[in-house]
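Me: I have a chain open and want to go through some side-chain contacts. Can you take my questions as they come?

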Amino acid sequence: MSEQFTMNIAWLLLLMVFFNGFASHGATTNISTRPKEVNVGAMLALNSIVGKVAKVAIEAAVEDVNSDPSVLNGTKMIVTTQNSNYSGFLGIIEALRFMEKDTVAIIGPQNAVTAHAVSHIANELQTPLLSFAVTDPTLSSLQFPYFVRTTQNDLFQMAAIADMVEYYEWREVIAIYVDDDLGRNGIAALGDLLAEKRSKISYKAPLVLDPTRNNITDVLVKVSLTESRIIVLHVYPGWGPEVLSVAKYLGMMGTGFVWIATHWLSSYIDSTIPLPVSTMDDMQGVLTLRMYTPDTEPKRKFVSRWSSLTGGNQIGLNAFGLYAYDSVWLLAHALDAFFDQGGNISFSNDSRLTQMPRGDLNLEYLNIFDGGSLLLRNIFGVNMTGTTGSFKYTPDRDLIRPAYEIINVIGTGVRRIGYWSNHSGLSVKPPETFYTTPPNRSSPNQSLYSVIWPGETAQKPRGWVFPNNGRHLKIAVPNRASFREFVSYTRSNDMFTGYCIDVFTAALNLLPYAVPYKFFPIGDGIKNPRGTDLVHIIQTGEYDAVVGDIAITTSRTKIADFTQPYIESGLVVVAPVKTTLNSNPWAFLRPFNKMMWAVTAAFFLIVGTVVWILEHRLNDEFRGPPRRQFVTILWFSFSTWFFAHRENTVSTLGRLVLIIWLFVVLIINSSYTASLTSILTVQKLSSSIKGIETLLESQDPIGYQQGSFAKNYLIEELHIDSSRLVPLVTPEEYVRALKAGPRKEGGVAAVIDERAYMELFLSTRCEFSIVGQEFTRTGWGFAFARDSPLSVDLSTALLKLSDNGDLQRIYDKWLLRSPCTSRGAKLEMDRLELRSFSALFILCGGACLVALIIYFSMMCYQFTNRYTDSLSSSGSSTSRRLQTFLTFADEKQEVQSRSKRRSMENISNRSVGEDDSSNSSKRRHIDQYSCASRSFEDSNNA
C-alpha cells in the first residue's frame, strides 16, 4: 500500500512537470567556456553493497580527474551525492534538487524503477543520465535518449544464460525474480532468447521487492512441485543470499538441482569481506556470472589503491565499482570535447513550468541545459581505455564487446569455468583472444570447464523430474480391432498387453528414475483409431503421451516429439501370388531385359569392327575380298561369346581392346548363366502386380488398413484417386478382398500396409506375398508432448534394449511365427538390367575409342610423311587426295618388328642358308660350264 502511494506521488510530480505545452524563454544562467567548476550529481543507494562500492569509486575518479590538468584543462568537477535508497519517489525528488543547481549530468541511479522515472526528467531538461548499475534492457535510447548506460545491458547477460542452457542441453528453466522493472524485463528477455533455442521458461516465480523469509518460502515450495530443476535467480544482492538459504533449508540445493544466479551474486561475493561460512554453505554448486573486465593498466592501478581508498572498511571492489569509476572519466572526456567545440554551460527556463501556478514546489527553478544535446553526442563519441577495458559505444548505444565470466561457487571460494562473449559465445579462453578472428558461435566451438553441481557431484544434472504433486503421466493407448498382437486392451480387467506395451514398460524400467503413469484406451475396439488423431490429443494437452503402433511421419513430428523408432515399418504392397516353375520355351531370353540384349549385341558388332580396323593393314586374316572381310567381322565378334575366335591379333592396340572385351564377356556370360539357372530350376512366386509402379499405372482398387496413414500418403504423395481406395479392418477382410480380385465388388488388386502388419499377416497365408520394394522408410515410436525431456531419455533406453537383445526377445515373444510351407519359393525376380553392367560397357567403349584415336593419328602421320611432297607437286584435288588416303589405308603394311621366337629361328637357320648358297654357286658354275660346252659343240657341227 505504501509502495503504491509512493508511485502515485512520483507520477503526480511528473505530470506537473510535463504538461501545459513546451517553449523556453530567457536564460537564467550563462557561464563562459571553460568554467572554473561544473556541477555533476550522483544518485546512489548508499545502504546497498553496490552503492557503497560506487561511492568510493566515484570519489576516487573525481579526485583523479581534477588532479589531471590534461582532462578538463583547469575546470574542476564538483560531484554532489544524494541517497535515493532504491526508492523511485526519492529518486525523483533528488533529481529535481539537482536540476535546481544547474547540474550538467547525473551519475546514477542504481535502480531500474528510479531510472525509468528520472529518465523522463532527464529528457525534459536535456540532462544526460549516466547509469553504471541499471541493466534493464527496456531502457532504450529511442524512448529515453538522455539515458546513458555505462555498464552492460542485461540483454547480453540473458543471452549468456540462454547459451549455457543450450550447451548443457536443458529444455526448460524456472525463473525466480524480483517483481519490478529489473526482474520482469530481464526475465522477459531471457524467455525470448530461450525460445530461439527451442527452450522455454516453464514457470515464473516473482518475489516482492523486499521479501520476508516467509514470502521466499512460499515461492520456493511452489517451485519445488514443478518439473524443471534448472532455476535462474534474478534478484538484488541485498537479499538474494536469503533465497539460497531458504532453498537449502527446503532441500533444493541437493543433487539434481541447478541454480544459475545473475551477476548480483558475483557482486555480493566480491564485496562482502569476510564472507560468512554459513552463507558460502548455502550457495555451494551455484553458477553465477560476473561482468568481464580485461586486465588493463588503469585497472591494475585502481585495484592496488582500493584498500587505501576504503580506509580500512571491509568492502571489496566489484565490477559495478569499476564501471562507476569509468563513468566519471567518460563524463570528463565528454566535457573536455564539449568545451573544445565551443560549448557553454548555459541553462534556460522551461516555459511549461513558468506557465504553471506558483506553489511551494518551486518548479520555476528547474532549467533546461542548453548544451545537453552536444554533451550527449560527445559522451557517445568517447573512445578510451578505462578500468573495464576498451570503453566505446556501438550504434545501438551499448558498450562494445560485452562479455561475462562464468563462475562456480565451490568450498570457500569460487572457480571460473569459462567465459561468454557476444563474439565467440562460450569458451575457456578469454574473449579478447577471439576478437581478431571472425565470429564463430557454432556448437563444436562452445566449451566450458567441468562444474561441481549442487550436491557435490560432477555429473551434469538431467534438469527435470516428474513433478512431486501426485499427478500421473496420462498415456493414450489405441484400442485396436485388428492385429492385437501389437496392442490389446481387455475391458473386463482393464489390462493392456501386446508388443508395444512390453517395449514401453521395458524401456521405462531402464530409466534411472520412477515414472508414474496410467494407460487410457482410445477407440471402441470395432474400428482402429487413426494414428494422427491420437497424436493430436497430445497437442491439445488432454494426454501426455501415446504408446502404441504409431508411425513416425513428417506431419506428426510437427505436433509431437517421438522417441527413437523401436521397429522399422515402411509401406509395402501385398498381392496374390502363385507358385510355378518356369517352363516357357523362350525362358532363355529372360535373364536380360530388352535394353540389355540390344546393347550387348551392339557391342559385339562394335568391338568386332574396331578390331578389324586395327588389324586390317597388318594381319592377313583380316584382309581379302569385302565379302570375306564382312563375314570375318561377324564371326570374330560373336565367337568371342564362347571364346572360340580363331583369328590371331598382331597389333598392340587390337590386343588391348580384345583383352578388355573378353573380360566384359566373361562377366556377362557368368551373370547370364547364373540367372538362367535360377529361372529354370528355382520355384517362383509369380504375380501380375510387380510393385507400387504397377498399381500407379492401372486403375484397379487398392486396399489399405483403416486408421493407417497409408490413405493420406497414397492420396497426397502418390496422387491416387480416393475412389480407388478400399478401407479394410481385419486380416480376414484382407483375405476376402485379395481373393475376390479387382473385378469383383469389394475386391482389390493389392493391399498397401505397413511391413510390421504384413509380415504378421503373411506368416500364415502363403497365397499372398510382398511384391516389389518397400517404398517408404518409417518406423514406430512413442509420442510425447513437444519438448518433453522424457522422449530423449526413453530413446536412450530403447537403444539399450536393442543393444542387450531384450528388444529382439520381446519381438520373438509376440510376433515370431513359423513360416508357411511355400516360404522356400522365391518371388519372381526382375531381369538383369543394363545399369548393372553400365560401368563395364563404358570401360570397353572408352578403350575402343582411345585405340581408334591412337590408330588414326599414327596412320595420318605415316600418310603425311609418305605422300605430302608428291601430292603438293602434282597439285592434286581433294577427291584425289582422299582416294590416295583410302588406298594407303587399305594397303598391306609389313610388320617391322618380329617376335623373339622368329628372330631366334633366323639365327639358328643362318648356317643352313649359307650352305645352300654355296651349293647353288657350285651348281651355277657347272651349269655355265655345261652350257658353254654345248655351245661349242653346236658351232663345230655347223
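Reply: What follows covers strands, salt bridges, aromatic contacts and a surface patch.

Me: Before that, what kind of model is this, and what pLDDT do local features need?

Reply: This is a predicted model, in which local features need pLDDT of at least 70 and side-chain atom pairs count only at pLDDT 80 or more, while totals for chains, interfaces and linings use all residues. Residues are numbered from 1 along each chain as its sequence is written, and side-chain values use heavy atoms, with hydrogens and water left out.

Me: Start with β11. Buried or exposed?

Reply: Strand β11 (residues 287–291) is largely enclosed by the rest of the structure, because 5 of its 5 residues are buried. Buried means under 20% relative accessible area, exposed over 50%, and partly exposed in between (1.4 Å probe, protein chains only). Strands (E, at least two residues) and helices (H or I, at least four) are DSSP runs, numbered from the N terminus.

Me: Which residues are on each side of it?

Reply: Leu287, Leu289 and Met291 are on one side of β11, with Thr288 and Arg290 on the other.

Me: And which strands does β11 pair with?

Reply: Strand β10 (residues 258–261) runs parallel to β11 and is joined to it by 2 bridges. Strand β16 (residues 403–410) pairs with β11 in the antiparallel sense over 5 bridges. Two strands pair if DSSP finds at least two bridges between them.

Me: What else do glutamate 405 and arginine 290 form?

Reply: A salt bridge, with the closest N and O atoms 3.6 Å apart. The term means a side-chain nitrogen of Lys or Arg within 4 Å of a carboxyl oxygen of Asp or Glu. Glutamate 405 and arginine 290 are 115 residues apart in the chain, and both are buried.

Me: How many salt bridges by that rule?

Reply: The count is 30. One of them joins aspartate 163 to arginine 441, with the closest N and O atoms 2.4 Å apart. Aspartate 163 is in helix α6 (residues 154–167) and arginine 441 in the loop between β18 (425–427) and β19 (473–478), 278 residues apart. Aspartate 163 is buried, at 6% relative accessibility, while arginine 441 is partly exposed at 36%.

Me: OK, rings now. How many aromatic pairs?

Reply: A search of the whole structure finds 41. Phenylalanine 603 and phenylalanine 841 form a tilted one, 4.9 Å centre to centre with 45 degrees between the planes. They sit in helix α19 (residues 594–615) and helix α28 (residues 838–874), 238 residues apart. Rings of Phe, Tyr and Trp (its six-membered ring) pair if their centres lie within 6.5 Å; planes under 30 degrees apart count as stacked, over 60 as edge-to-face and the rest as tilted.

Me: Those two phenylalanines, buried or exposed?

Reply: Phenylalanine 603 is buried at 13% relative accessibility, and phenylalanine 841 is buried at 5%.

Me: Last topic: which residues make the nonpolar surface patch?

Reply: Leu605, Phe630, Val631, Leu634, Trp635 and Phe638 make a patch of about 540 Å². Patches are made of residues with over 30% relative accessible area and no salt bridge; like charges are joined within 9 Å, nonpolar side chains (Val, Leu, Ile, Met, Phe, Trp, Tyr) within 5 Å. Areas come from the Shrake-Rupley method with a 1.4 Å probe, and for residues only the protein chains shown count as cover.

Me: Which helix gives the most to it?

Reply: Helix α20 (residues 626–639), with 5 residues. Leucine 634 is in helix α20 and is partly exposed, at 32% relative accessible area.
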